[in-house]
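Please read these notes beside the chain display.

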Amino acid sequence: MGLQRVQVVVDLPLFGAFTYLSHFPVSPGQRVAVPFGNRQLCGVVVTGIPPEGLPDSQLKQVEQVFDSLPPLSADFLALAEFAAAYYHFPLGQTLFTALPTGLREARDITPPDERPYGLTDAGLAAMPAARQRARMALWQALGDGLLSQQQARQITPQAGKILADWLAEGLVQRLEPEIQPLELGPSPQLNADQQAALDALSREPAGFQAWLLHGITGSGKTEVYLQRIALCLAQRQQVLVLVPEINLTPQLIERFLQRFPASRIAVQHSQLAEGERLRNWLDAWQGRADIIIGTRLSVFTPMPRLGMIVVDEEHDGSFKQQDGLRYHARDLAIWRARRAGIPIVLGSATPSLESVANVEAGRYRQLKLNQRAHGAARLPTVRLVDTRRAKLVEGLSDPVIKALSARLERKEMSLVFINRRGFAPVLACTDCGWTSGCPRCSTRLVLHLLERKLRCHHCGWEENVPHACPECGAPDIKPLGEGTQRLESALGRLFPAARILRIDRDTTQRKQAWDEIYRKVHAGEVDMLVGTQMLAKGHDFGTLSLVTVLNADGGLYSADYRASERLFAQLTQVAGRAGRADAPGEVLVQTQWPEHPLYQALVAHDFDGFAASLLQERRQAAFPPSVYQALLRADAPELASATAFLTHVRQQVQPLAAELLISGPAPALMVRLANRERAQLVLESANRQALHRFLDQLPPLLDAQARQHGRGLRWSLDIDPQEM
Ligand SMILES: Nc1ncnc2c1ncn2[C@@H]1O[C@H](COP(=O)(O)OP(=O)(O)OP(=O)(O)O)[C@@H](O)[C@H]1O
Ligand SMILES: [Zn+2]
């Protein structure tokens with residue numbers, strides 16, 4: 001075999017592949033060790049024709065081929081190539097993001113051979129002497145059927161050594177494991193909506209189809225997934241289930257284990273120990289795992305027998321990665337399902353407007369679950385408490401205090417929800433309801449208290465903070481959504497006897513935190529749960545009968561045009577924790593704007609109406625999903641350099657930007673982060689192809705421009721950005 005030229009990518013921020021010579025036969029997807037500068041790096045061979053021209057003498061050579069594992073599959077490479085192209089990110093870094101850490105290093109990985117042992121004909125005839133107890137026991141057990149390494153070790157601790165000897169002597173052989181017949185744990189009788197959804201999902205001929213399973217909170221969406229997954233497993237297909245970070249609870253995994261006791265379920269998330277993540281990844285790739293449940297990064301897990309993808313809580317923000325490869329796992333999952341020719345089910349009680357628009361456009365088909373699944377459970381009654389005229393004690397209105405005491409007396413659990421999430425502060429007049437809007441964009445101006453400025457984070461408009469309301473002249477204008485931190489201790493003072501459990505990022509850091517929370521809740525050791533948005537996700541707390549929401553208004557008039565979509569989803573989800581069992585649920589929302597359409601829709605449980613009006617607004621204002629956006633971010637030690645860089649870029653690219661609208665530079669919502677200051681350009685177009693054709697040309701140009709602006713400057717592109 002002579003020298004072969006191959007294209008290799010490495011884990012560095014460099015676009016394009018590098019050409020190497022190889023003495024070894026290699027194919028795309030093979031991991032190799034290559035010299036790079038004065039280091040040795042792990043590389044992955046990719047498809048693509050090496051450029052002509054360079055003489056062999058100028059090329060370096062592949063130093064090693066890691067061939068204990070087969071090359072990465074064509075499907076895996078294709079997904080990475082698509083992600084790199086779509087997110088305009090270097091292919092090398094994209095590929096390495098998609099790999100588990102163990103495979104990112106320049107070393108060979110030998111997967112454990114998990115095939116069981118069986119006796120050969122020679123082995124069958126070679127009965128050990130009776131005094132060799134261990135050998136005899138093992139030989140007899142093998143006579144009854146195949147044994148895994150682990151089962152053999154349970155028979156005798158010397159099994160490893162004995163089996164290795166016998167393998168060398170040809171007395172045993174390693175065989176493909178027997179396929180376990182599918183076993184199903186007990187499942188409830190589906191209600192009519194669930195059955196109709198399952199029938200629709202099962203009736204379709206094989207092939208790609210995106211489904212939106214839109215079911216109210218507690219309507220039994222998970223049950224529909226489980227029963228549809230059973231059909232895949234019965235056909236020996238693998239299933240990928242993507243869930244938001246916070247929903248990957250032991251309870252969820254337990255539910256899968258109980259339903260599919262004989263199937264192999266592997267978990268993938270970033271907190272998993274490196275070894276376990278690699279093992280699970282290999283199990284998926286080599287077809288041993290039947291079900292992969294994981295967070296966004298598991299969308300890349302190679303699965304040769306993939307038969308269906310489920311994306312639970314598809315609206316959840318954690319599916320979008322916010323740094324490095326800024327991918328959206330739901331969107332990549334759709335691409336993957338299309339390429340594989342399989343169905344994908346997106347589930348939510350509050351689908352994203354993107355998905356609602358895709359249903360309208362006929363790209364997705366919608367299935368609805370309109371009733372709660374559990375026996376007599378109903379959606380909770382939602383009431384608004386007008387706080388404009390009410391007297392508040394420690395931020396709590398009289399109806400809220402009364403409702404909390406009533407639950408305490410009845411020994412039912414309540415949830416007090418505080419929205420601490422940083423909705424950027426917007427000024428509002430408490431008299432007439434005026435809020436600080438941008439004169440040039442349909443967004444709100446953000447209050448920067450230190451500089452006493454109002455700024456638009458879309459176009460960069462800036463003005464001084466007014467002393468009185470520009471609309472009605474009242475002096476009482478103040479930022480929305482302030483002051484809730486002290487709530488927990490306030491509740492403690494108001495209800496000294498109550499057992500209060502606070503749930504937020506701090507209290508759920510530890511690994512077992514959620515287990516402990518569930519244990520306490522289900523043991524009846526909690527009267528009031530106090531918490532932030534983490535509580536709004538798909539938890540099932542059983543006996544919860546009251547939810548109170550104290551300071552949601554901040555999200556109503558936020559500078560971020562997605563804020564009302566998020567707020568509605570969040571309130572619907574948190575309200576949905578109430579009344580899931582037999583006790584009817586009640587939700588009280590304190591607000592200064594009870595007339596606001598968002599709250600009216602919440603009271604009426606009218607997701608469809610509210611989503612339609614939001615979509616209408618987005619179309620009028622030309623915001624996503626009616627246009628496609630990309631953000632060009634720059635950061636530097638000082639805002640001025642980031643802004644100057646973007647101004648130059650803008651001047652330079654303007655002639656290329658037909659069919660595009662470029663806005664900015666504007667400071668980012670959070671200007672200062674980790675001692676760097678950030679600004680951005682918004683690039684948008686109603687034509688996705690035009691936007692991407694434009695973006696294709698950007699990286700080299702940005703690199704060149706950045707070099708002129710000195711070392712301190714960094715840029716990044718965010719395609720379909722979720723945070724402005
Ligand atoms: N057909 C059914 N009959 C009785 N109980 C059911 C049925 N389907 C689901 N359940 C139960 O109802 C509860 C809610 O179901 P599930 O968790 O599947 O709903 P969900 O729609 O995924 O909920 P959410 O999105 O609000 O978290 C669970 O306790 C589940 O076991
Ligand atoms: Zn503006």
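1. Helices (H or I, at least four residues) and strands (E, at least two) are DSSP runs, numbered from the N terminus. The expected span of a helix is 1.5 Å times one less than its number of residues. This is a predicted model, in which local features need pLDDT of at least 70, side-chain atom pairs count only at pLDDT 80 or more, and totals for chains, interfaces and linings use all residues. Residues are numbered from 1 along each chain as its sequence is written, while chains are lettered from A and ligands numbered from 1 in the order in which they are written.

2. Helix H11 (residues 329-340) has 12 residues and spans 16 Å from first C-alpha to last, close to the expected 16 Å. Its buried residues (20 or more other C-beta atoms within 10 Å of their own, C-beta atoms being placed from the backbone) include Leu332, Ile334 and Arg336. Just after H11, Gly341 has a positive phi of about 70 degrees.

3. In helix H12 (residues 353-360), Leu353, Ser355, Val356 and Asn358 are buried. Gly362 follows H12, and its phi is positive, near 80 degrees.

4. An open sheet of 6 strands has the order E15-E25-E24-E16-E23-E22, with parallel pairing; two strands pair if DSSP finds at least two bridges between them. Strand E15 (381-386) and strand E22 (500-503) are at the edges with a single partner strand each, so one side of each has no neighbour in the sheet.

5. E15 and strand E25 (residues 586-591) run parallel and are joined by 6 bridges. Val382 stands opposite Val587 in E25.

Notes. A residue is buried if 20 or more other C-beta atoms lie within 10 Å of its own, exposed if 12 or fewer, and partly exposed in between; C-beta atoms are placed from the backbone.
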